[in-house]
Amino acid sequence: MDMREIFTRLNRVFQEVFDDRSIRVGPDTTADDIDDWDSLEHITLISAVEQEFRMKFKMGEISGMRNVGEMAEIIAERAR
Amino acid sequence: MRELEYPFDAGGIIRRRKALRKALLAENTARVRKKIAVLGGSTTSDIVKILELFLLDAGIEPEFYESEYAQYYQDALFPPEALLAFAPDLIFVHTTSRNITHWPELADPPEAVEEKLGAELEKFRAVWAGLEETFHCPILQNNFEKPFYRLLGNRDAWDPHGRVNFVNRLNQAFAAHAQEHTGFYLNDVDYLSADYGLRRWADPAFWNLYKYAMCFEAIPAFASNAAHVIKSIFGRNKKVLALDLDNTLWGGVVGDDGVEGIDIGQENGVAQSYYEFQSYLKQVKSLGVLLTVCSKNDEENALAGLNHPEGALRPEDFILIKANWENKDRNIAETAAQLDLLPESVVFADDNPAEREIVRTQLPGVAAPEMEGVENYIATLDRNGYFETTTLSEDDLKRNEMYKANVLRAAEQASFGDYSAYLKSLEMRAVIDDFLPIYLARITQLANKSNQFNLTTKRYTVEEMEQVFHSENYVRLYGKLVDKFGDNGVVSVVIGRVEGPVLDIELWLMSCRVLKRDMELAMLDRLAERCAARGVQTLRGHYYPTAKNGMVKELYASFGFAKTGEDQRGSTWELPLSGYEPRCKVIEIAGNDQ
């Protein structure tokens with residue numbers, strides 16, 4: 001799975017979770033860039049991403065991710 | 001909504017929550033508004049969000065209060081201003097085994113374990129007593145999921161020091177409290193977490209990271225389970241189960257395979273599965289759920305199948321049998337009409353996806369769950385909680401008999417040319433009098449579920465009804481109707497508040513099963529008599545229109561009341577009582593036995 005595919009799928013998950021078709025995520029996107037992305041919605045997002053890619057983040061990773069790029073890297077590594 | 005019906009895709013619900021919410025709110029359904037306070041011992045945010053979906057789907061528009069993080073105890077014992085002002089219709093105490101503080105230690109002598117059990121229970125009893133005293137509303141309390149590890153291994157189950165044993169004992173004490181207190185209900189997390197899989201349910205990551213009582217993906221199952229209890233308390237249960245026959249109640253097609261060719265009974269595994277399903281339905285019937293048949297079949301073949309000697313159900317177990325070649329949506333609509341119920345009270349169980357789809361699209365509000373594979377039928381009906389039982393009145397247990405008698409009455413009516421001659425032939429006798437304690441559960445149930453013959457659609461919690469019952473300021477009447485075909489039980493309720501010379505009627509309802517029997521006139525006669533005895537000179541009634549109560553729009557006018565006002569909420573009507581003459585000529589009226 002290449003990065004382009006990961007971002008396409010991530011984008012769809014973000015759009016669904018925030019119910020906003022205009023969202024476009026890139027490697028540098030952070031919670032500050034999306035209005036409704038607060039700590040509570042973060043859990044929904046993680047759960048939806050895990051479901052989409054059929055993988056689980058480790059506990060340390062969830063609190064450590066600083067932007068969508070880091071999330072994508074973990075997915076790329078885990079989904080091999 | 002299909003997405004919220006068992007078996008549902010939990011991940012999909014979480015992910016598309018916002019879109020689902022939008023779709024639910026866009027549906028054109030009448031919902032009751034309810035204020036629900038969620039007092040948590042863990043994070044409640046997403047619980048409330050997903051619970052909202054399931055409640056909207058069940059016809060309830062919730063407004064939520066959430067306690068600050070893990071403040072359930074403080075909120076119950078020292079309710080903050082915001083909670084008092086919120087005035088909840090229901091309080092949900094959302095606690096978990098993680099909130100247990102007095103765990104036994106291995107070194108504890110037996111008395112110490114008992115003391116700890118007592119202390120833990122005291123904590124919760126204080127919560128319940130506090131809430132009951134302040135809020136007088138139903139309480140929904142989680143019981144405890146089993147601990148996610150067993151220090152003593154299997155011994156944990158029986159040794160008093162074992163946490164598994166301790167949790168089991170707490171759950172038993174919670175159950176005992178529910179048995180002894182009306183208005184107190186359990187959300188059976190113990191069963192639910194086992195059903196879901198405790199290992200996944202109690203995934204410690206979700207507690208340690210987010211302080212959630214269960215794993216995130218279990219939230220939809222949890223919310224669905226709690227919503228079943230809540231919608232049942234607020235009178236939103238289904239009432240009728242309409243069943244297909246071929247490949248639903250037995251394996252095979254009776255018209256093609258013949259009675260001897262269908263799978264039902266003990267012959268093989270498939271036949272046994274259908275037998276088990278029929279036996280389950282027989283139990284469902286004993287709850288007061290009305291079973292009907294809705295099958296594309298010649299009636300003769302349908303009856304032959306139902307009379308199969310190895311079957312658990314008999315033709316007489318069904319109130320109505322619609323076996324014909326009409327479209328099923330039409331048969332379901334007719335079934336509802338014949339029982340004086342709305343189509344949305346019906347659950348339609350059919351193995352054929354095309355039939356389910358027709359019924360779903362033609363009759364929105366009818367539930368048509370995915371019946372796929374006989375081995376899943378019971379779980380599908382059961383997990384959807386259509387008939388969740390929170391109160392079980394005498395009437396529920398007898399409902400099938402009563403509806404059956406109605407069908408006989410309809411047949412008799414057809415043989416009379418003159419309607420009043422028919423009414424007289426029924427030999428009706430009514431008991432109409434002040435409430436009796438044994439009927440309070442039924443009266444409250446009626447108040448909360450009657451929609452059609454209901455002038456104000458005012459709802460009452462058990463606690464509020466008890467207050468009305470004990471107050472001097474009310475004239476209360478219940479009406480029970482018996483005729484030669486059977487006992488209809490308590491079918492009408494009137495509650496009026498005495499305001500000097502006026503009786504303000506805040507509730508007037510009647511069960512649709514006794515429509516057109518002049519029972520409403522009998523109630524009016526008794527009301528006039530009781531009011532006169534108390535010096536009340538005028539009856540004042542209100543009609544508040546809803547999507548469902550159009551049939552009583554002109555009720556007060558038909559009684560001879562004059563309209564005295566009209567506003568956004570509805571209309572007000574008055575009748576002076578001087579010179580009142582009894583109206584009901586076909587029912588013999590008596591009072592409570594002295």
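This is a predicted model: local features need pLDDT of at least 70, side-chain atom pairs count only at pLDDT 80 or more; totals for chains, interfaces and linings use all residues.
A residue is called buried here when 20 or more other C-beta atoms lie within 10 Å of its own. For the complex, the predictor reports an ipTM of 0.88 and a pTM of 0.79.

**Confidence**
- Chain B has a mean pLDDT of 94, and 100% of its residues reach 70 or more.
- Chain A comes in at an average pLDDT of 90, with 99% of the residues scoring at least 70.
- Within chain A, the element with the highest mean pLDDT is H1(A), at 94, while H3(A) has the lowest, at 84.

**The five-strand sheet of chain B**
- Five strands of chain B make an open sheet in the order E2-E1-E3-E4-E5, and the pairing is parallel.
- At the edges sit E2 (60–66) and E5 (184–187) of chain B, each pairing on one side only.
- Going from one strand to the next, the twist averages 25°.
- Strand E1 (residues 32–40) of chain B runs parallel to E2(B), and seven bridges join the two.
- To pick out a pair on these strands, B:Lys35 has B:Glu63 in E2(B) as its bridge partner.

**Helix H11 of chain B**
- H11(B) covers residues 219–233, which makes 15 residues.
- From first C-alpha to last, H11(B) reaches 21 Å, close to the 21 Å expected at 1.5 Å a residue.
- This helix lies across E2, E3 (90–94), E4 (139–142) and E5 of chain B; relative to E5(B), H11(B) runs at about 155°.
- After H11(B) comes B:Gly235, which has a positive phi, near 70°.

**The four-strand sheet of chain B**
- Chain B also has an open sheet of four strands, ordered E8-E7-E6-E9, again with parallel pairing.
- Strands E8 (320–324) and E9 (346–349) of chain B each have a single partner strand, so one side of each is left without a neighbour in the sheet.
- Ignoring direction, neighbouring strands of this sheet are turned by 20° against each other on average.
- E7 (residues 290–296) of chain B and E8(B) run parallel and are joined by five bridges.
- B:Ser295 finds its bridge partner in E8(B), namely B:Ala323.

**B:Leu241 up close**
- B:Leu241 belongs to strand E6 (residues 240–243) of chain B.
- Because B:Leu241 has 22 C-beta neighbours inside 10 Å, it counts as buried.
- Leaving aside residues up to four places away in sequence, B:Leu241 touches B:Val284, B:Val289, B:Leu291, B:Val347 and B:Ala349.
- B:Tyr386 is 145 residues away from B:Leu241 along the chain, yet their C-alpha atoms are separated by 9.4 Å.

**Where the chains meet**
- The contact between the chains involves 12 residues of chain A and 13 residues of chain B.
- On the chain A side, the elements giving two or more residues are helices H1 (3–17), H2 (39–53) and H3 (59–64).
- H2(A) gives the most to that side, with six residues.
- Sorted by class, the side of chain A that touches chain B has seven nonpolar, three polar and two charged residues.

Terms used
Residues are numbered from 1 along each chain as its sequence is written. Chains are lettered from A and ligands numbered from 1 in the order in which they are written. A residue is buried if 20 or more other C-beta atoms lie within 10 Å of its own, exposed if 12 or fewer, and partly exposed in between; C-beta atoms are placed from the backbone. Two residues are in contact if their C-beta atoms, placed from the backbone, lie within 7 Å. Two strands pair if DSSP finds at least two bridges between them. Axes are lines fitted to C-alpha atoms, for helices over the stretch in contact, and angles run from 0 to 180 degrees between N-to-C directions. Ala, Val, Leu, Ile, Met, Phe, Trp, Tyr, Cys and Pro count as nonpolar, Asp, Glu, Lys and Arg as charged, and the others, Gly among them, as polar. The expected span of a helix is 1.5 Å times one less than its number of residues. pLDDT is the predictor's confidence in each residue, from 0 to 100.
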